[in-house]
Amino acid sequence: MLLAAVLAIALIWASGIGMIHVNWPRAGEGTVMTEKGFRDNKKSFYIDGGDEYGVVYDGPGFTLPAGVYRLKWTIETDADNLFRIVSSNGASIEPSEIAIPANTWTSYAEFELKEDADDLQILVDFEAGSKLQIQQLELRSCAFADQAWNLTFFVVALYLLYVAYSRGQLTEERRSALFVLGVTVVIASIPALKDNLYLGHDAQFNLARFKNLADGLTKGQIPVRAGGYSYEGYGAITSAFYPDIFLYIPALIMLSGASIQYAVHVLWIALHIFTAVSMYVCGKRIFDDASGGLCAAVLYTLAAYRLSDVYTRFAIGEALAMAFIPLFFLGLWEIAFGDRERWIVLVIGATGVFQSHLLATVICALAAVCFYLPLVGKIVRERRLTSLGKAVVSTVLVNLFFLVPFVMYSRQGIGADSILSLNSMNAFAPAQLFLLGRGQLDAAVTDGRMAMFSLEIGYPLIVGAVIGVKEALGGKGMKEKFVLLLGAMGAIFAFMTTELFPWDFVAAVTHTWSNFLQFPWRMLMIVDAVLALAAGFGYARVFGGKKDLAAVLVLMIAGFAVLPQLSSVAASKGCLAYGETITSKLMHREYTLPETDVRQTSDRGILSTGDVLVQDYQKDGTTITANVSAQTDASISFPLFGFDGYKATLDGMEIPWTLGENNRLTVSLAPDEGGELRVWFAGRTIWRVADGVSLAAIVVLALITLCGRRGEVVRRKKNE
């Protein structure tokens, strides 16, 4: 079966059956590529009728990814005329001019975008003859591999189901869990089950991260730290500040030819799957009850704030972190209540959160303090402190590859000071917590302390947590104490999201460092996790022996509660149309060099001083090549931000570079100096040392885990 699956996947990709094109106009978009863009709002032009020569159409204004496109037209003209293809970012286009032959009717031609093109214009230039009548214009996109990936995922899913069935792993309990979790993931994925991509608040910034990551991978950077897409090709080092190890798979899917819409939707669906499974594993282990874990997984996956993170806010980092928070809490529980030798679970959870979002890591660290504070005596008395120390040290070593460049760049003055805001200004009214799946709120009925989108806990979570705490109050066991602790943490962190919390005092005590949090509502990440666990315990207890019924009813309640929010997103017109891509223009200056003016990145030309000749210039992301020769002292400034980590060579010999105007990377040449110049992002030696340490730590932890599992198997066999 494995061979059959491999052959099927190979056939899918070799045959090209999964490659699809987008054709404009699409259904419902008019009779021509776009109704806008025609001169004088008409499609027929006659010199005898008083019309003048010149551009008579300047559409469609799409931002398109690199690739080969086909232009098809039905135009009547009695002389040779011309299509001119241009873009606002000066993208390289071959050919950039296509002839419209006289006395033809329908014809087509292909052109290639060598790079993503902003605001693509296909200009119809009426320059000869007595008439030009445009009947039809059609544009076919480059081929996208979306359907090929769909078929690939289908084959892989069938194979995994076959393996599980043949090995007898699909027990009744697992089949039930698989069904409930599957339906939960489908509901959570509703806005992702379409072509167009909904653009949430941070979409532009995060989609640029995708593009930068893909660019860095094509240049051989492993791990990627710099990409050459953002700021109109000047590049960015967001990968050194926003961990993106979990974005490599969708980036590789993009590089295989899939659309950016498809890559993000795959990420969303995979994120929902992992979130559901991680919470299920966490709840089942802690409560030793599959029903409790299943209820917790449904509630957490369909939590209003988590889905707002994914879709409305487009906060990829936070959404990824929330997928690992259940494992983080499971690790905390193992050290405090469970098997202290499973401290590696905390390493996995903490690393997952850290490699997703740094602010989420800070919040989780605060949650860990709140979690362990009332348990200090227990941890010391039972000698569990050593396991916690192992977990902390191991987590630092595993993530050293990210920490070293992050600290180095931060010390150079690079950061996000431009987006600092007062937490007290972004805290909301307590009423916000008790809304129910409202989606976008009407501004006319909100006050200054009500957010305009779903930032509520959700009644399925609230009611379930209340039931869980009530049930826990009647017992004195370890599970009951744990649920009470979860309830208390949920209340504390929910309180911190509101204007009732003294955020101004916290800012004064922390010397404004707390303002990096920006939005107190981020605390809902913890609220959702702890209340989902408490609610899972509560619903499972209430339904007693009818455990399958508990999960199904919770799924119905949670699904109906969140459907208005998901429907609002799925039906929204604020989308990136299928086949198009995002612009590389960014107007914020987060994580740029000090004093950078991002408005000047529209100038993509070379600046030089002195008598210098630059030939065969090519720029490919973060890599530049050219043949240069100087007659006098000269300098050449390239459209590339000069971040630490770049190298420049002249005929293979390394030469120094400096920062020029607007922090451009600039090289200097002496009289009569010249040769083949190459500039690329090479990184730093100390980073590679840190990479090695992290890799070694991962290998050691893997060996410890493997040996531990073998030891458990041996002990189990002896007991039997």
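Visitor: Which strands form the open sheet of five strands, and in what order?

Guide: The order is S14-S15-S21-S17-S18, and the pairing is antiparallel. The labels follow from DSSP runs numbered from the N terminus: helices are H or I runs of at least four residues, strands are E runs of at least two. This is a predicted model, in which local features need pLDDT of at least 70, side-chain atom pairs count only at pLDDT 80 or more, and totals for chains, interfaces and linings use all residues. Residues are numbered from 1 along each chain as its sequence is written, and side-chain values use heavy atoms, with hydrogens and water left out.

Visitor: What makes S14 and S18 the edge strands?

Guide: Strand S14 (612-620) and strand S18 (653-655) each pair on one side only. From one strand to the next, the twist averages 25 degrees.

Visitor: How do you know that S17 and S21 pair?

Guide: Two strands pair if DSSP finds at least two bridges between them. Strand S17 (residues 646-650) and strand S21 (residues 674-681) have five bridges, in the antiparallel sense, so the pair meets that definition. In this pairing Tyr646 stands opposite Phe681 in S21.

Visitor: What makes S13 and S19 the edges of the sheet of four strands?

Guide: That open sheet has the order S13-S16-S20-S19, with antiparallel pairing. Strand S13 (607-609) and strand S19 (657-659) have a single partner strand each, so one side of each lacks a neighbour in the sheet. Neighbouring strands are turned by 30 degrees against each other on average, direction ignored. S19 and strand S20 (residues 664-669) pair over three bridges, and Thr658 has Thr666 in S20 as its bridge partner.

Visitor: Which way do S4 and S10 run, and how many bridges join them?

Guide: Strand S4 (residues 67-77) and S10 run antiparallel, joined by eight bridges. Leu71 stands opposite Leu139 in S10. S10 (residues 131-140) is also joined by two bridges to strand S1 (residues 23-24), where Trp24 stands opposite Leu139.

Visitor: Why is H7 called roughly parallel to H20?

Guide: The axes of helix H7 (residues 290-301) and helix H20 (residues 547-570) come within 9 Å and cross at roughly 5 degrees. Axes are lines fitted to C-alpha atoms, for helices over the stretch in contact, and angles run from 0 to 180 degrees between N-to-C directions. Angles under 35 degrees count as roughly parallel, over 145 as roughly antiparallel, 65 to 115 as roughly perpendicular, and the rest as oblique. The crossing of H7 and H20 therefore falls in the roughly parallel class.

Visitor: What kinds of residues make the contact of H7 with H20?

Guide: They divide into nine nonpolar, one polar and one charged. Here Ala, Val, Leu, Ile, Met, Phe, Trp, Tyr, Cys and Pro count as nonpolar, Asp, Glu, Lys and Arg as charged, and the others, Gly among them, as polar. Among the residues that meet are Leu294 and Val298 in H7 and Lys547 and Val554 in H20; contact means heavy atoms within 4.5 Å.

Visitor: Why is Thr351 called buried?

Guide: Buried means under 20% relative accessible area, exposed over 50%, and partly exposed in between (1.4 Å probe, protein chains only). Thr351 has 14% relative accessibility, so it counts as buried. Thr351 lies in helix H10 (residues 344-354).

Visitor: What does the side chain of Thr351 reach?

Guide: The side chain of Thr351 reaches the backbone oxygen of Val347 at 2.7 Å. A polar contact is a pair of N or O atoms within 3.5 Å; within protein, one must be able to donate a hydrogen and the other to accept it, and residues adjacent in sequence count only if both atoms are side-chain atoms.

Visitor: Is Thr622 buried or exposed?

Guide: Thr622 is at 0% relative accessibility, so it counts as buried. Thr622 lies in the loop between S14 and strand S15 (623-630) and touches, among others, Asp215, Tyr646 and Phe681.

Visitor: Why is Arg411 called exposed?

Guide: Its relative accessibility is 73%, so Arg411 counts as exposed. Arg411 lies in helix H14 (residues 400-411).

Visitor: What is the phi of Asp40?

Guide: Asp40 has a positive phi of about 60 degrees although it is not a glycine. Most residues other than glycine have a negative phi, and most peptide bonds are trans. The peptide bond from Glu94 to Pro95 is cis, with omega near -15 degrees.

Key:
Lists of a residue's contacts leave out its neighbours within four places in sequence.
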